[in-house]
Amino acid sequence: MPDINELQDFATQVRRDILRQVHKVNSGHPGGSLGCTEFFTALYQEVMDHNTSFNMDGKEEDLFFLSNGHISPVFYSVLARSGYFPVEELNTFRLIDSRLQGHPTTHEGLPGIRIASGSLGQGMSVALGAAQTKKLNNDDHIVYSLHGDGELQEGQNWEAIMYAAGNKIDNIISTVDLNGQQIDGSTETVLPLGNLKAKFEAFGWDVMEIEDGNDLQQVIDGLKEAKSRTGKGKPVCILMNTVMGNGVDFMMHTHAWHGKAPNDEQLETGLAQNPETLGDY
C-alpha cells in the first residue's frame, strides 16, 4: 500500500489530469471532479479490493458504481493511473470515437466502467442490484457507489434507499458528495435537501459522516470505518462534505465551475497550484 505522501502526490496529479482533460476540449465538469479527488484516490489506491484485469461479471472483487457520471474526468484519471487503461488515453477525453465519453458509457468497452451514468439518479438502483446479486452468490465482497447531493432531489433514489433497508442489503456503502452545489446554483436554493442524516436513518440505513472529504486521511479512515459496519443487517451511507473545485482556488465554493472548462490562463493558474508529481500524459 502507498503511504499518505504517495497518495497525496497521486491526488495532485489527478487534479492536473482533470484540468487538462476539460481544457483541451473546452468541455466537461471540473468542479465536482476536483471535489471528489480524495475519495477516488482513497477508494482505488487504498480501500477497495479490485482487479485491473477488468471483467464485467465482477465476481470475487469489490465493485464501484459512479452515479453522478458527469464527474468522469476524475474517474477516468484514477482508473488510468490505477492501471485499467493507458494514461495516454486521457488525451482522447470527449473526442469523437473515444472510449472516454463525457459521461461514462459501456458500449465502448472501457475497462473499469460498469454502467452508463449520464442520467442522474439511477446509480443507487444499479449498485443495489449488484450488491444483492453478490449476496445471492455468497460473494462476500462490497459494492461502493458515489452520488451527488443534488442527485438526491430525484425520487428514484428514495425508492432504492427504502428497498435496500427493507431487504437488508448490508454489503453496500453509498457515499453522498455533499458540496452543496448543482448546475443551477446551491442545493439550498434549487431544492433544499433537509437533514439527510435523519432521512437515511429514517429509511433504515446506518449513516456516518466524513467532516472533511478533501482531507485524504479522513476519507481513508471514513471508508475503512464504513467497511467495518457492513454485514450487520443495514446498508451503509457516508455523508461526505467536500468543496466543489477543491485544489484550484478560483473554482472553489461556487456552482459556476460545475460544467465549465478553464481558458488558457486559468489552466496555467490551476496547474501552478497542483505541481506535476507522477508525470503528465
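Helix 1 passes helix 3 in a right-handed crossing, a crossing being right-handed if the near helix is turned clockwise from the far one by less than a right angle and left-handed if anticlockwise. The structure is a predicted model, in which local features need pLDDT of at least 70 and side-chain atom pairs count only at pLDDT 80 or more, while totals for chains, interfaces and linings use all residues. Residues are numbered from 1 along each chain as its sequence is written, and side-chain values use heavy atoms, with hydrogens and water left out.

The axes of helix 1 and helix 3 come within 10 Å and cross at roughly 125°, where axes are lines fitted to C-alpha atoms, for helices over the stretch in contact, and angles run from 0 to 180 degrees between N-to-C directions. Helix 1 and helix 3 are therefore oblique to each other, given that angles under 35 degrees count as roughly parallel, over 145 as roughly antiparallel, 65 to 115 as roughly perpendicular and the rest as oblique. In this pairing, Leu 7, Phe 10, Ala 11, Val 14, Arg 15 and Ile 18 of helix 1 meet Thr 37, Glu 38, Thr 41, Gln 45 and Glu 46 of helix 3, contact meaning heavy atoms within 4.5 Å. The contact of helix 1 with helix 3 comprises five nonpolar, three polar and three charged residues (Ala, Val, Leu, Ile, Met, Phe, Trp, Tyr, Cys and Pro count as nonpolar, Asp, Glu, Lys and Arg as charged, and the others, Gly among them, as polar).

Helix 1 (residues 4–25) also packs with helix 10 (residues 264–272), their axes coming within 10 Å and crossing at roughly 170°; helices (H or I, at least four residues) and strands (E, at least two) are DSSP runs, numbered from the N terminus. Helix 1 and helix 10 are therefore roughly antiparallel to each other. Arg 16, Leu 19, Arg 20 and His 23 of helix 1 make this contact with Asp 264, Leu 267, Gly 270 and Leu 271 of helix 10.

For helix 3 (residues 37–47) and helix 9 (residues 216–228), the axes come within 9 Å and cross at roughly 60°, which makes helix 3 oblique to helix 9. This crossing, too, is right-handed, and the residues of the contact of helix 3 with helix 9 divide into eight nonpolar, one polar and four charged.

Two cavities of 30 Å³ or more are found in a search of the whole structure. On a 1 Å grid over the protein atoms alone, a cavity is a set of points where a 1.4 Å probe fits but cannot get out, and a pocket is an open set with protein on both sides within 12 Å along at least five of seven lines; lining residues have an atom within 4 Å of a point. Grid points are joined across faces, edges and corners, and a volume is the space filled by probe spheres set on the points.

The largest cavity holds about 70 Å³ of space, and among its 13 lining residues Tyr 44, Phe 64, Tyr 84, Gly 112 and Arg 114 lie nearest its centre. The second largest cavity holds about 50 Å³, and its lining includes Phe 64, Gly 112 and Arg 114, with strand 1 (residues 63–66) giving the most, three residues.

The largest pocket has a volume of about 260 Å³; of its 20 lining residues, His 70, Leu 120, Glu 151, Gln 182 and His 258 are the closest to its centre. The lining of the largest pocket divides into four nonpolar, 12 polar and four charged residues.
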